[in-house]
Amino acid sequence: MNTAFLTGTLLLRRSLTLITISQNNKNMIKILKSKSGYYEYQPKLGGLVSEISWYVRKKIFKSLMNTAYPTSETTVLDVGVTCDKRQESNFFEKLYPYPNQITAVGIEDASFLEQDYPGLKFIEADALRLPFPDKSFDLVVSFAVIEHIGSRERQRAFVQELCRVGRSCYITTPNRWYPIEFHTALPLIHWLPPSWFRSILQLIGKDFWTQEENLNLLCERDMLRFFPKNSKINKMHFRLLGLRSNLVFYIGNI
């Protein structure tokens, strides 16, 4: 009797353990689905990458406010928000003083922004086919999104679509010619032809960044080809350690 009791108890405990593991695995799958691939595969370096990104993005935000001069009446579309909740993620929503005027668009589920910033409206949509009429917004902003859009043709379409729905646009992207590639934290190899760069990334196990749809770096000349003809473009690039790290383009009165 005692042996049977002990055996039954052990089997019950084992069953409960397996159920718990199964449930934990399901929860982990849900968590993984809510993660942004961009941040999941970005090097951490003890938080240094995040701190540098936050520093640069605060400077970019200040530049935006001093260039576009948005007011409490300015309607703003932010294209490329993320489900990630790190310090530097969705920094525009964190810093902008008029969240009730923001419409935020992304392909990840960032609906929590509506709770975090009352009045903000989130829409899950493709940035190349925005569900808005022409010139729907006073200002369209997009921060370090275009390098994750895909091919040069898709990047051009992205810029054209932002300009279609906005009366002014503020677009940023990392500079390809900065000596450190921010997504991989690797020096210089991104200056090689893209096919060589991606082959090296594959060899060292950074497969996510080998895909063009995940990373397609740009320089100033590339960006200037995307804007509508006869656009008056204000270039306001940022420097990190004395070198041009981030490219910023502003077009008013489109």
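The questions and answers below look at charged and aromatic side chains in a predicted model.

Colleague: How many salt bridges does the structure hold?

Modeller: Side chains of opposite charge can pair when their charged atoms come close. Counted over this predicted model, the salt bridges number nine.

Colleague: Is Arg 129, which forms a salt bridge with Asp 126, buried or exposed?

Modeller: The closest N and O atoms of Arg 129 and Asp 126 are 2.6 Å apart, and Asp 126 itself is partly exposed, with a relative accessible area of 25%. For Arg 129 the relative accessibility is 59%, and since a residue counts as exposed when the value is over 50%, Arg 129 is exposed.

Colleague: How many residues apart in sequence are the parts that Arg 167 and Asp 138 tie together?

Modeller: These two side chains form a salt bridge, with their closest N and O atoms 2.7 Å apart. Arg 167 lies in the loop between helix 6 and strand 5, whereas Asp 138 lies in the loop between strand 3 and strand 4, so the parts that the pair ties together are apart in sequence by 29 residues.

Colleague: Which residue lies over the face of Phe 112?

Modeller: Here a side chain sits at 4.5 Å from the ring centre of Phe 112. The residue lying over that face is Lys 85.

Definitions and conventions: Residues are numbered from 1 along each chain as its sequence is written. This is a predicted model: local features need pLDDT of at least 70, side-chain atom pairs count only at pLDDT 80 or more; totals for chains, interfaces and linings use all residues. Side-chain values use heavy atoms; hydrogens and water are left out. A charge sits over a ring if NZ of Lys or CZ of Arg is within 6 Å of the ring centre and within 35 degrees of the ring normal. A salt bridge is a side-chain nitrogen of Lys or Arg within 4 Å of a carboxyl oxygen of Asp or Glu. Buried means under 20% relative accessible area, exposed over 50%, partly exposed in between (1.4 Å probe, protein chains only). Helices (H or I, at least four residues) and strands (E, at least two) are DSSP runs, numbered from the N terminus.
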